[in-house]
Amino acid sequence: MYTAKREWNMQAIHNLVEECVQDALLGEVYTTPKPGLVDLMDTGAHSDMDYHTFEQSTQAITPYVSQMFDMGVEWSQSPEQLFEAIRPVGIQAEQAMLAATNGVNTHKGILFTMGILCASAGYCLQRQGTIHVGTILSTSREMTEQCLRRELQQMKEREPYTHGEILYRVYGEEGIRGQAQRGFPIIRQVAYPVMKQLSAAMRYPVRRYKQNAVNLHVLLAVMGELTDTNVLSRSNPRQAAWLRNEARHILQLGGVQTTEGWNELLRCNEQCIRRNISPGGAADILAATLFLFLLEQRMGSCRALSGSDRCRQKHVHAAALKDRI
């Protein structure tokens, strides 16, 4: 948990948040190898994008996502009203993404999640003077619960016209809306605890985890628990169950820390490409978890720096991760 000093330079904090957003988005795409997903090794099950596309998209949407943090800091009304206020900014971000990628949808899902989390983080900082992941997730639930419950009810009563709405009608899967209105339990209960535990292990010489390995382990843990609507939209429940079991199996083999786990991960990627399935929902959760982890850690490392822009210190940036893979 990071506790802010009231005299802190908010421009410095804005810059740090923007840096965390960018590094989380790039950190996800640079994590390699990922089953069926775009990374530094291949384009997974996608033929219309590569990691350069994600770099262009990240540059385009980061200012909008960090703007939602600023809105949270300045917000004086209810959390639910904050959610309604940031949604037009999310639409603007989506338009900027499509313009930057010539119409390719790289980040639409994560825009929804990251926007909520950024606005919630700013709101928590302003109200409580703290950056604490658990509080951010709880506030995210307050922001979205009633509104998204109404939306899900309306989706039952009208003809579906998006992939998410079709899946909700056919399978009853609430997707990211269900995660958001519950305060992202997949992050609270799975992704964030795994990231904290393994990131702590990076500090020890025995069984040292590098950031890429940490990210892959978090991704696999999420894939093993999440009903990924991105997978469902490309296949069916049987294929989605297969991928969950594959992720669990890789972790049982020791994950990427063992030769067996690594080789199974590579085979899983080949199978995902052959079956044309891509766990984009799990990738979005990895990016969101990276953002929360970086935000809490970097705010804490700047604790003694008030009234200046010295928050932008030397961090392990996503670009450095790219160079090491």
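Mentor: Helices (H or I, at least four residues) and strands (E, at least two) are DSSP runs, numbered from the N terminus. This is a predicted model, in which local features need pLDDT of at least 70, side-chain atom pairs count only at pLDDT 80 or more, and totals for chains, interfaces and linings use all residues. Residues are numbered from 1 along each chain as its sequence is written, and side-chain values use heavy atoms, with hydrogens and water left out.

Trainee: In which loop does Phe184 lie, and is Phe184 buried or exposed?

Mentor: The loop that holds Phe184 runs between helix H7 (175-181) and H8. Phi of Phe184 is positive, near 55°, in a residue other than glycine. Buried means under 20% relative accessible area, exposed over 50%, and partly exposed in between (1.4 Å probe, protein chains only). With a relative accessible area of 0%, Phe184 is therefore buried.

Trainee: How are the axes of H8 and H9 oriented, roughly parallel or roughly antiparallel?

Mentor: Axes are lines fitted to C-alpha atoms, for helices over the stretch in contact, with angles from 0 to 180 degrees between N-to-C directions. Those of H8 (residues 185-201) and H9 (residues 211-223) come within 9 Å and cross at roughly 155°. Angles under 35 degrees count as roughly parallel, over 145 as roughly antiparallel, 65 to 115 as roughly perpendicular and the rest as oblique. H8 is therefore roughly antiparallel to H9.
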